Amino acid sequence: MKPDNVILEAKNLRTYFHLDEGILKAVDGVDLTIKEGKTLGIVGESGSGKSVTSQSLLRIVPNTGTVEGEILLHQRKNGKTEVLNLVDLAPHGKEIRAIRGGEISMIFQEPMKAFSPIHTIGNQITEAILLHNTQDPAEAKGIAIDTLRKVGMSNPEQRFNEFPHQLSGGMRQRAMIAMALACNPSILIADEPTTALDVTVQAQVLQLINDLKEKNGTSVIFITHDLGVIAEMCDEVAVLYLGKVVEYTDVDTLFYGALHPYTQALLHSIPTVTKRSSRLDSIEGTVPYPMNLPRGCGFYSRCKLAKAGVCNVEDVPLVEVSTGHHVRCLLVDKKEPEEAGCPHAEQ
Ligand SMILES: Nc1ncnc2c1ncn2[C@@H]1O[C@H](COP(=O)(O)OP(=O)(O)OP(=O)(O)O)[C@@H](O)[C@H]1O
């Protein structure tokens with residue numbers, strides 16, 4: 001990989017919430033690499049730290065949280081690349097505000113979060129464009145309508161004057177994507193953007209994001225708990241558990257050579273056409289509360305392969321087991337991928 005392919009990196013990212021009961025480690029030493037024109041998926045169960053990771057990248061973590069480590073944005077300026085560490089910026093300052101919605105945009109699960117109910121969607125999209133792109137209101141309006149058209153809004157001139165509540169769920173999602181894309185971001189963070197939509201609209205929104213990535217070369221960070229969506233959307237995948245990356249690899253290796261027991265359990269829990277049994281193996285238990293955790297592997301309490309005295313002694317490092325394939329499991333380096341097996345192979 002050429003170093004200039006990288007557009008955003010997180011290094012040892014730590015986001016901790018300082019609560020009365022103690023320190024909650026929502027993101028605990030995460031490394032991510034986002035490449036130009038590629039989609040990185042972040043997958044994990046509820047509470048694994050996906051949303052806080054994406055909030056951290058944009059520096060929109062609530063006040064009780066602190067963000068440490070490095071978030072390196074590689075900016076192209078006059079043919080040169082400058083690297084800016086977003087962790088050094090004031091979370092409410094001018095510099096990060098220029099990047100948010102400009103170079104890095106975000107779409108959320110719930111579009112009502114992105115829009116104010118008391119302004120038309122046209123006004124809100126135009127405002128973002130005036131903040132980042134042009135000072136000319138007429139030009140900004142033209143860009144807004146054009147972007148609404150690009151995301152598949154029928155009759156965009158009329159939609160421009162409508163309020164968020166006047167749009168259907170699918171249309172609101174498209175409007176939010178239009179707002180995120182109106183300033184031509186280099187990076188789009190999509191946090192469960194289709195969870196609240198019915199399957200048809202879901203498929204359309206995913207297609208839309210893929211089209212935009214192809215046409216504009218936008219890099220995408222796609223956050224989801226749905227491995228089906230990962231398969232459809234992503235080039236690389238980081239599997240998150242208790243605020244740590246437990247497996248990081250390209251999408252094919254994830255589905256055909258996953259090594260971490262947690263990833264394998266996630267894969268076992270999705271339906272496949274060839275699966276003989278109609279029962280899915282859900283992962284027993286839930287993600288523990290990330291406060292005062294015992295030493296050792298975070299997945300120890302739920303792992304079917306866990307070995308007492310091995311897995312619960314020291315914190316486990318993330319190890320590159322083959323080129324580009326990183327796994328955080330003490331039991332894995334003794335196995336070949338074939339031995340570890342693809343969870344789907346036996347079905
Ligand atoms: N503002 C906050 N204050 C305190 N703790 C928080 C806050 N936001 C998130 N957390 C905690 O951080 C951990 C990670 O939460 P996060 O929302 O990132 O998980 P997630 O993987 O995105 O889950 P989901 O899929 O349900 O959105 C959880 O234990 C959560 O309770």
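This is a predicted model: local features need pLDDT of at least 70, side-chain atom pairs count only at pLDDT 80 or more; totals for chains, interfaces and linings use all residues.
Residues are numbered from 1 along each chain as its sequence is written, and side-chain values use heavy atoms, with hydrogens and water left out.

**The ligand site**

There are 14 residues around the ligand, and Ser46, Gly47, Lys50, Ser51 and Val52 come nearest (near means that a heavy atom of the residue lies within 4 Å). The table gives some polar contacts, meaning pairs of N or O atoms within 3.5 Å.

| Protein atom (N or O) | Distance to a ligand oxygen atom |
|---|---|
| Glu45, backbone | 3.5 Å |
| Lys50, side chain | 2.9 Å |
| Ser51, backbone | 2.8 Å |

Taken alone, the ligand exposes 630 Å², and the protein buries 69% of that (Shrake-Rupley areas with a 1.4 Å probe). Two or more shell residues come from each of strand S2 (22-35) and helix H1 (50-58); these are DSSP runs numbered from the N terminus, with at least four residues for helices (H or I) and at least two for strands (E). H1 gives the largest share, 3 residues. By type, the shell splits into 6 nonpolar, 5 polar and 3 charged residues, where Asp, Glu, Lys and Arg count as charged, Ala, Val, Leu, Ile, Met, Phe, Trp, Tyr, Cys and Pro as nonpolar, and the others, Gly among them, as polar.

**The hairpin**

Strands S11 (residues 319-322) and S12 (residues 325-327) run antiparallel, joined by 3 bridges (pairing takes at least two DSSP bridges). Val319 sits opposite Val327 in S12. The hairpin has 2 residues between the strands, and Gly324 takes a positive phi near 75°.

Terms used
A polar contact is a pair of N or O atoms within 3.5 Å; within protein, one must be able to donate a hydrogen and the other to accept it, and residues adjacent in sequence count only if both atoms are side-chain atoms.
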